[in-house]
Amino acid sequence: MDNQPQKKEISIELTRDAATGHYSNLALITHSNSEFFIDFASVTPGYPKAQVVSRVIMTPEHIKRLYLALRDNISKYEAQNGEIKLTGNTPKNTIPFGFGNTPEA
């Protein structure tokens, strides 16, 4: 008998609207004790406002899984294309223009 858990496949639908995507050059991350919020925004030079184009809300466990998946994919990308260089002197814990983690919501 096979005591291995069976893998369940998930069918993923990518709608035309979702496939188009949203451009983002700024991400703001906040969290509470039970959720992480990632607001993806677009900033245009010379305009004083950034427009949020998408918000993703995740549990702490899922945000950690996302982090691990991103880390793995960045490693694979850099193995093929070389190290991704960060420009400017923005601290590593911010996502551009001085924005980043904010106090708990």
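Glu83 and Lys85 are both exposed, a term for a relative accessible area over 50%, with buried meaning under 20% and partly exposed the range in between (1.4 Å probe, protein chains only). Their side chains meet in a salt bridge, with 3.5 Å from N to O. A salt bridge is defined as a side-chain nitrogen of Lys or Arg within 4 Å of a carboxyl oxygen of Asp or Glu.

The model is predicted: local features need pLDDT of at least 70, side-chain atom pairs count only at pLDDT 80 or more, and totals for chains, interfaces and linings use all residues. Residues are numbered from 1 along each chain as its sequence is written, and side-chain values use heavy atoms, with hydrogens and water left out.

Side chains of opposite charge can pair when their charged atoms come close. A search of the whole structure finds 4 salt bridges. One of them joins the side chains of Asp39 and Arg55, at 2.6 Å from N to O. Asp39 belongs to strand β2 (residues 36-42) and Arg55 to strand β3 (residues 51-58), so this pair ties together parts 16 residues apart in sequence. Helices (H or I, at least four residues) and strands (E, at least two) are DSSP runs, numbered from the N terminus. Asp39 is buried, at 12% relative accessibility.

Another salt bridge links Lys76 with Asp72. Their closest N and O atoms are 3.0 Å apart. Both residues lie in helix α2 (residues 60-81). They are 4 residues apart, about one turn of the helix. Lys76 is partly exposed, at 49% relative accessibility. Asp72 is also partly exposed, with a relative accessible area of 37%.
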